[in-house]
Amino acid sequence: MTDTALRPASVAHLQPLLERLTLEQKAALVQGADFWTTVAVPEIGLRAMTLSDGPAGVRGPRWDEREPSLNLPSGSALAAAWDVDLAYRYGAAAASEARRKGVDVVLGPTINLHRSPLGGRHFECFSEDPELSAELAAAYVRGLQDNGVAATPKHYVANDSETDRFTVDVRVGERALRELYLAPFERAVEAGAWAIMSSYNAVDGVTMTENDLLETPLNSEWGFDGVVISDWTAVRSLDAVPAAQDLAMPGPAPAWADLVEAVRDGRVAEADLDRKVLRLLLLAERVGALGDATPVEPAPVDGPAFARQAAISGTVLLRNEGVLPWDAATLGRIAVIGQNARDARTQGGGSATVIPERVVSPLDAIRAAAPGAEVRYEIGAVVQEGVAEIPLAQLRNPATSEPGLRVAFFDADGTELFAENRRSTSLVWFGGDAPIAASATVVLETLYTPEHSGDIELGFAGANPGRLFVDGHLVLDDAPVIEGTDLGAAFLNPPSLTSTVAVTAGRETAIRVEFSRAPGGPLSGAMSATLGIAPERTDADDLIARAVAEAEASDVAVVVVGTNSKVESEGYDRTSLELPGRQDDLVRAVAATGTPTVVVVNAGSPVVMPWAGEVGAIVQGYFGGQEFGHAVADVLTGAAEPGGRLPTTWPAALADVPVTEVVPTDGRLEYREGIHIGYRAWLRADAAPAFPFGHGLGYTTWSWGAAQRVGDALEITLANTGDRAGKQVVQVYAERADSSVERPERWLVGFATVHAAPGETVTATIAVPPRRLAHWAGEWVVEPGAFTLRAGASVADLPLALEWPTEGGLA
Ligand code: BGC
């Protein structure tokens with residue numbers, strides 16, 4: 001296990017190496033060499049370290065379908081498993097992917113909180129609760145680092161929403177900061193995190209890369225000895241040097257361009273620089289990038305099998321009126337409905353995106369799991385907005401005749417600088433070989449053979465002006481309008497432009513897109529472009545009617561509903577919790593047929609479900625990773641128990657949600673609610689959500705036995721009273737009715753996952769150290785007297801209670 005006892009680690013042995021470095025070398029070392037790597041200094045045995053996004057898998061330094069990655073379920077799905085051991089194995093799986101791809105540092109886990117369900121990167125973060133987030137963060141960090149790869153918990157701190165994320169000034173009281181937003185970082189540091197990512201936003205008026213919070217509590221109280229890596233371009237000035245901001249990424253960082261001069265003329269102390277370099281050398285030693293240190297070889301992992309198990313473990317059965325599990329052998333005909341049933345969303349958008357080798361859709365997996373049944377598909381409602389990539393099987397590269405396309409890069413004189421053969425029409429260059437910065441024109445060429453005749457909406461998405469030619473004819477010449485100022489959002493989820501084009505089934509059509517690029521700008525070395533097809537213009541009522549007819553003719557119906565990339569991604573927040581398109585009407589219409597209907601929700605964060613009471617079962621499948629479809633089929637057929645419990649309160653309507661604000665006023669976002677977010681806020685408002693925090697059903701029944709205190713732990717016995725093996729998540733909450741300080745009515749202090757055979761009684765032991773009961777009053781204080789601990793299956797279902805006397809004092 002990672003050794004945390006000796007923190008902060010001694011760096012005395014690295015001092016001689018530091019002394020061999022020139023000022024120029026030191027200044028270079030604290031800035032990236034490029035997008036994803038650090039600077040190498042071979043004279044001292046230091047190689048470059050490679051950093052990479054995930055965190056739901058590891059993309060690697062190239063964003064390239066030719067180098068695919070394991071696509072694990074997203075953060076909220078992992079959190080829904082409430083399983084520390086699984087989170088550890090998830091970290092280990094990421095480490096194995098990292099090493100396979102030559103990555104030393106994984107930029108994750110993302111441990112900001114689900115403060116408002118409108119947060120656009122909710123899917124990537126774990127939970128609304130700091131304790132659940134903290135435990136999972138620590139386990140993920142250990143899983144990665146025990147296998148030799150550095151974790152970078154992010155984004156430190158208060159980056160809980162995306163609107164104006166580069167500039168927003170989050171105003172948050174000290175108590176909320178300590179008890180909620182910092183808590184997961186504190187536990188991740190306790191677990192030994194070798195790096196932390198500082199966020200774009202400001203807290204209390206100071207941008208995070210210059211904020212005192214980098215020193216206190218991170219270094220001075222928690223003993224962090226790792227590297228603070230900036231979020232990409234978050235370093236704004238030399239003021240980040242005296243602040244404990246260690247590595248400016250990507251590099252070379254414009255804001256630190258005259259770092260050497262600044263040291264020479266005394267604006268910056270060389271000692272500040274030295275401290276950063278020593279930390280960087282320590283990180284290099286830890287990941288095996290310095291001297292003779294060899295990297296730890298990660299244990300081998302069966303990636304797809306683990307991804308499937310993780311997805312099952314995080315699938316939450318929200319409602320079940322005796323409809324699930326199906327007895328697949330008795331089903332003659334199954335109606336599978338919904339765009340996401342066929343085009344599953346297995347991950348959220350933005351920098352967390354990885355490119356999987358394959359994706360298992362619910363439709364394919366249900367077909368495989370019910371071989372005796374006739375499985376019929378209807379789209380029912382269109383969910384996709386904008387263009388989606390064209391399937392590889394329908395494309396031929398004109399240069400090689402292989403499936404795919406040719407991409408060529410030209411300078412301003414029209415000289416071809418570089419060309420590559422690609423296998424996806426959705427392309428991102430963000431590091432890698434292509435000479436993006438030097439290119440004035442980028443040309444995509446392919447031969448497309450449609451499966452059906454008719455009109456298609458052909459076009460492109462990108463941040464650059466483009467000209468689209470079909471069989472030599474110009475059909476589109478336009479520049480996308482970039483909304484907002486978040487270049488990351490424009491870059492990672494750019495707008496689409498399309499033109500209606502008539503195609504003939506089986507007839508090859510030559511497509512060419514020319515993108516023109518303006519030089520300069522902060523992302524001049526990066527580009528994204530998708531050549532694709534937008535949903536055809538269809539009659540929405542007709543699609544619903546066809547789905548209804550199919551449901552009527554079937555024994556069961558499953559409707560997979562979900563969000564799209566315009567709803568859950570990076571760089572913007574959500575404006576509503578409604579499902580896009582006509583999906584609500586679709587579900588209602590299918591349910592009204594009387595055919596037992598299951599709704600599977602394919603979304604990374606809560607959506608409102610006005611039809612919740614009308615359907616037989618609701619399964620929240622999250623962004624379940626590349627094996628999502630198998631997980632759904634396993635749960636529907638009962639091959640596996642749905643293992644998830646909600647890591648975040650699920651509202652019935654946005655208007656009911658106590659904390660929603662994500663839009664700053666005059667540049668400020670006030671966390672007015674203080675320590676009351678998530679279920680704490682719902683309890684305070686005495687409001688009932690659609691499904692409470694911690695809720696999730698299984699396929700067996702349980703009886704809760706007794707709770708007893710053993711030292712600082714709570715022992716809880718419970719029995720599986722059903723006739724199937726099952727999983728239960730035992731949750732322990734504290735209350736302090738007579739408190740002299742403001743508190744949540746109830747807060748999570750611990751949890752454990754148990755598995756039991758039919759009839760088996762099991763005991764869960766949950767540590768409740770004093771710190772879980774403490775509140776922040778300039779230090780961690782435990783109020784003397786008795787707390788009440790309650791245990792059960794959700795924040796709203798707590799059959800066991802115990803008085804928990806304390807002596808009080810500092811924790
Ligand atoms: C994101 C980070 C990410 C970084 C590098 C930023 O825009 O906020 O989470 O690690 O880009 O891709």
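Where is Pro-217 found? In this predicted model, Pro-217 belongs to the loop between β7 (206-207) and β8 (227-230).

**View 1. Two cis peptide bonds are found in loop segments.** The bond from Thr-216 to Pro-217 is cis, with omega near 15°. Another cis peptide bond joins Tyr-156 and Val-157, where omega is about 0°. Val-157 is placed in the loop between β3 (150-151) and β4 (169-171).

**View 2. Asp-164 and Asp-204 have positive phi values.** Asp-164 is not a glycine, yet its phi is about 50°. This residue sits in the loop between β3 and β4 and is partly exposed, with a relative accessible area of 41%. For Asp-204, phi is near 45°. Asp-204 is located in the loop between β6 (202-203) and β7, and its relative accessibility of 39% makes it partly exposed.

View 3. An oxygen atom of the ligand lies 2.5 Å from a polar side-chain atom of Asp-53. For Asp-231, an N or O atom of the side chain is 2.7 Å from a ligand oxygen. A polar side-chain atom of Tyr-200 is 2.9 Å from an oxygen atom of the ligand. On its own the ligand has 310 Å² of accessible area, of which the protein covers 96%.

**View 4. The largest nonpolar core contains 102 residues.** Tyr-156, Val-157, Tyr-181, Leu-714, Ile-716 and Leu-789 touch the most other members of this core. Helix α5 (residues 130-145) supplies the largest share, 8 residues. A second, separate core of 60 residues includes Leu-238, Trp-256, Leu-280 and Val-287. With neighbours within four places in sequence set aside, the contacts of Ile-716 include Trp-704, Val-730, Val-732, Val-762, Ile-766 and Leu-800.

**View 5. Helix α16 (residues 628-637) is largely enclosed by the rest of the structure.** This description holds because 9 of its 10 residues are buried. Among the buried residues of α16 are Phe-628, His-630, Asp-634 and Leu-636. Their cover includes the helices α10 (303-313) and α12 (362-369), together with the strands β24 (556-562), β25 (597-602) and β26 (617-620). Just after α16, Gly-638 adopts a positive phi of about 80°.

**View 6. Phe-693 is a buried loop residue.** Its loop runs between α17 (679-685) and β28 (702-710). The relative accessible area of Phe-693 is 0%, so this residue is classed as buried. Phe-693 and Pro-647 are 46 residues apart along the chain, and their C-alpha atoms are separated by 6.0 Å.

**View 7. The side chain of Asn-720 reaches two backbone oxygens.** Asn-720 lies in strand β29 (residues 713-720) and is buried, with a relative accessible area of 1%. Its side chain reaches the backbone oxygen of Arg-724 at 2.8 Å and that of Ala-757 at 3.3 Å. Leaving aside neighbours within four places in sequence, Asn-720 is in contact with residues including Thr-700, Thr-701, Trp-702, Gly-726, Pro-758 and Glu-760.

Definitions and conventions. Residues are numbered from 1 along each chain as its sequence is written. This is a predicted model: local features need pLDDT of at least 70, side-chain atom pairs count only at pLDDT 80 or more; totals for chains, interfaces and linings use all residues. Side-chain values use heavy atoms; hydrogens and water are left out. A nonpolar core is a set of buried Ala, Val, Leu, Ile, Met, Phe, Trp, Tyr and Cys residues joined through side-chain atoms within 4.5 Å. Buried means under 20% relative accessible area, exposed over 50%, partly exposed in between (1.4 Å probe, protein chains only). Helices (H or I, at least four residues) and strands (E, at least two) are DSSP runs, numbered from the N terminus. Contact means heavy atoms within 4.5 Å. A polar contact is a pair of N or O atoms within 3.5 Å; within protein, one must be able to donate a hydrogen and the other to accept it, and residues adjacent in sequence count only if both atoms are side-chain atoms. Accessible areas come from the Shrake-Rupley method with a 1.4 Å probe; for residues, only the protein chains shown count as cover.
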